[in-house]
Amino acid sequence: MIIENQKHLFYQGWFAKIIEVKVDKINNQEVILGQGGYGTVLRGKMKIENINNTKETREVPIAIKRIKLSPLKEKKSFGENQLNMESIKLELSVYEQIKSKNIVQLYGSEQKDNHYYLYLELCDGNLLNCIMDENGDAPLKEEQAIRYFIKIFDTLQLLQKSTYERTENNKESLYHRDINVKNILIKKCVIGYQIKLCDFGIAQYSVQPGNQNKNLIQEIGTPAFKSPENFLNQLCDQEKNETWSLGTVLVCLLFGYSSFMANIQLFNIGNKDDHLKWISRQKNLISTEVQQLLFGLLQKEPKERMGYKQISESQCYRLYGNYPPSRSLIPRGIQRLMYNNFEYLTQLFINLNQNLYKQIPEDLLFFLFQHYKNLVHKQCQNYSGYYKSIDSTDLSLQTTSNINYIGIPTLLQKYYQFFQNIQLENETQNDDQMILFWRKFSQPNRRYQDSQRFCFLNNLFEVLDKLQVEQQALENQILELNKKKMLYLEKEEKLYSKKEENLNKKLYVIEKLKEDKDDNFNKFNDLISGLTQYFDWNKEKI
Ligand SMILES: Nc1ncnc2c1ncn2[C@@H]1O[C@H](COP(=O)(O)OP(=O)(O)OP(=O)(O)O)[C@@H](O)[C@H]1O
């Protein structure tokens, strides 16, 4: 089998080529993963052959996007074939040019029997059927929703940054133009879920907003997620068009798809701010920062709507952007410190024999390990092929709760060897991102200096202080609300029962917040005491 224009794949540490593709069938029926406007997405398998060792083959599960091309005679009347070919070419070129862990990987493509086939990385489903339940009735917790939002936003920023220079002074950025809950796929991975953008059939390179703000766009995208200006087919700014769709996706994540669809008429062009009023009414469900973000994204007037810069400066982004959630409270200074000590941390973990190991407070160990794991994970993600091999059962890390405490050094030893092997295997490929990454980290690292320890602890104390102030503020609010409640209870009048109900709701939300704050506070407190012991222990060792 010859796949057209096949470039060699890099898959799970193999340089490979596809030798066979087949669609999965159950009871003779093709397994359909999804159906879109242009084609059907099927589940299947590809057989790949290691090009360094032709005898070795492997079967890999994939998604097959099958697009029907219109026959030639119809092409004249409808132009459909041309449209298809154009959007297919576009989709292919995006997949080929932009490699990211957040964009579905294209393994190969071919045209046969009046169809075009794209062989894609298999995901577990889209935002709608994977994260929310089938009816879109199970919205996410705010923190989770924002985390997904940020991942999607970061990917859109990546697209925008991948400019294409048409002429000397004319840089063009890429916009997806059809952001909606079905075009954002989900893939389970070592740490939680990963988002993968797909369907670039109507993506477009456009002049960057900085150079020229407005572009004529045709009416494009999925109706419920379309910006008002897109509906009116007016001159519009691609970036703002994208941020509107992002806003609607966030609404789905926070309040559920069905709730969004039930109120869809409010988001239409006619009603100026009715949709914002509806969001205001949901204020018990979301924090002020998230409400501000939604208001910024869902301004019907593009000029008043948030652009990418404003999103990255928003409070939500600053709170959750770029970091795994559990560490969002940890100041950048600390992260940098840990980041610069990759090699040191590795050695530290590997050299721990069982007795010494027991002297490290468990909390601290998990903290460091978690950090290390994220670091390794991040490095692996830079190279999707390698990333996959670390995903294999041998090296896979379970979620924190399942980590075998005693097994950590062994596991890290494997990681360490893994990175060393990569370094050896690929020494000649200077442009290999992974090598660059590795070199950066394998520069001689220092042990913690006294000043660094001090700064590290100080930063943690700062977080602790902040948490304490927030705890106190919540405590005061709870006291106030309880006082009010007592008053209502004394009056025992009908008029007050509604007020009391509202008050109870408010009380519940604040008490929940306080609980979370207390939890964080305790964790940090433990961490600091563990850390102090650790530094003392380590000092003696040096
Ligand atoms: N790589 C994949 N892995 C798993 N499922 C997928 C994959 N690609 C697509 N799907 C499923 O198929 C659906 C349709 O895919 P896609 O949006 O690429 O098709 P389309 O024909 O271009 O659709 P549209 O009508 O949005 O243009 C997705 O919502 C998803 O549920």
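Here is the tour, starting with some ground rules.

This is a predicted model, in which local features need pLDDT of at least 70, side-chain atom pairs count only at pLDDT 80 or more, and totals for chains, interfaces and linings use all residues. Numbering runs from 1 along each chain as its sequence is written, and side-chain values use heavy atoms, with hydrogens and water left out.

You'll get 17 residues, with Gly37, Lys65, Glu121, Lys182 and Asp199 the closest.

Next, show the polar contacts (pairs of N or O atoms within 3.5 Å). A side-chain N or O atom of Lys65 sits 2.8 Å from a ligand oxygen. At Asn126, a side-chain N or O atom is 3.0 Å from an oxygen of the ligand. For Cys123, look at the backbone: an N or O atom there is 3.0 Å from a ligand nitrogen.

Now color by domain (bounds from an automatic or database assignment). Domain 1 (9-121) and domain 2 (125-320) both contribute shell residues, so the ligand lies between them.

Conventions:
A residue is near a molecule or strand if one of its heavy atoms lies within 4 Å of it. A polar contact is a pair of N or O atoms within 3.5 Å; within protein, one must be able to donate a hydrogen and the other to accept it, and residues adjacent in sequence count only if both atoms are side-chain atoms.
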